[in-house]
Amino acid sequence: MADQTATAVGCAAKDPGASRVTLAHIMSEHDTNLYGTIHGGVVMKLIDDAAAAAAGRHADGPAVTVAVDRMSFLAPVRAGDLLSVDAELERAGRTSMTVAVNVRAERWNASGPTSEVATATLTFVAIDAEGRPRPVPALDLPGLPAA
C-alpha cells in the first residue's frame with residue numbers, strides 16, 4: 001500500500017469537499033436478482049463509479065481502484081428506488097487515496113424519507129499516462145496543521 005505521507009511536490013492541498021461526488025441512479029427491473037431486490041454487484045458498481053470520480057477529481061487525473069477496504073449492505077434496494085451515492089476523500093497519501101461512500105435510497109416518484117442502504121471505503125492510486133503511480137495533492141483537513 002502507498003505511504004501515508006503528504007504529497008505531490010508543488011501541489012496545494014485540497015479540501016475534501018472539492019472532490020465530493022453524488023451519483024444518482026433509478027434502479028430498474030433489469031437490475032434485480034431472483035429475490036426481486038437489486039443485485040449487490042449493481043450497487044457495488046455504482047459505489048466504485050462514484051468513488052473513482054471523487055479520486056480522479058482529487059488527483060486531477062486518472063485513478064484506479066486498488067482495494068475495496070470495507071463494504072456493508074444495510075438494507076435491500078428495490079426496482080423503482082432512486083439511489084444517491086455520495087463519495088468523498090477521507091485520506092490522501094503520496095500516491096493513494098481513501099474514499100468513503102454512503103448510499104441512500106428513496107422512491108423515485110415520491111418525496112419522503114431516505115434510508116441508508118450501503119456504505120463502503122475504497123482505496124485508489126493515481127496513475128500517469130504509462131499506468132505508473134503518481135503523486136497526489138495532500139488533503140486539507142480542518143483542525144490539522146498544513147503539511
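Which residue in S4 is the bridge partner of Asp81?

A: Happy to take you through it; please keep in mind that this is a predicted model. The bridge partner of Asp81 in S4 is Arg107. That pair belongs to two antiparallel strands, S3 (residues 81–92) and S4 (residues 96–107), which are joined by 11 bridges.

Now for the whole sheet. It is open and has 5 strands in the order S1-S3-S4-S5-S2, with antiparallel pairing. Strand S1 (21–26) and strand S2 (63–73) are at the edges with a single partner strand each, so one side of each has no neighbour in the sheet. On average, neighbouring strands are turned by 20° against each other, direction ignored.

Helix H1 (residues 40–59) lies across S1, S2, S3, S4 and strand S5 (115–126), and runs at about 40° to S3.

The largest nonpolar core has 31 residues, and Ile47, Leu83, Met97, Val99, Val101, Val103 and Phe124 are those with the most contacts inside it. H1, S3, S4 and S5 are the elements that give two or more residues to this core, and H1 gives the most, with 8 residues. Take Leu83 as an example: leaving out residues up to four places away in sequence, the residues that Leu83 touches include Leu23, Val43, Leu46, Val103 and Val117.

There is a polar detail to look at as well. Thr123 lies in strand S5 and counts as buried because its relative accessibility is 2%, where buried means under 20%. The side chain of Thr123 is joined to that of Asp69 by a polar contact of 2.6 Å.

Key. Residues numbered from 1 in each chain as written. Predicted model: local features only at pLDDT ≥ 70, side-chain atom pairs only at ≥ 80, totals over all residues. Heavy atoms only, no water. Pairing = 2+ DSSP bridges. Helix = DSSP H or I, 4+ residues; strand = E, 2+ residues; numbered from the N terminus. Axes fitted to C-alpha atoms, helices over the stretch in contact; angles between N-to-C directions. Contact = heavy atoms within 4.5 Å. Buried < 20%, exposed > 50% of the residue type's maximum accessible area, 1.4 Å probe, protein only. Polar contact = N/O pair within 3.5 Å; in protein donor to acceptor, adjacent residues only side chain to side chain. Core = buried A, V, L, I, M, F, W, Y, C linked by side-chain atoms within 4.5 Å.
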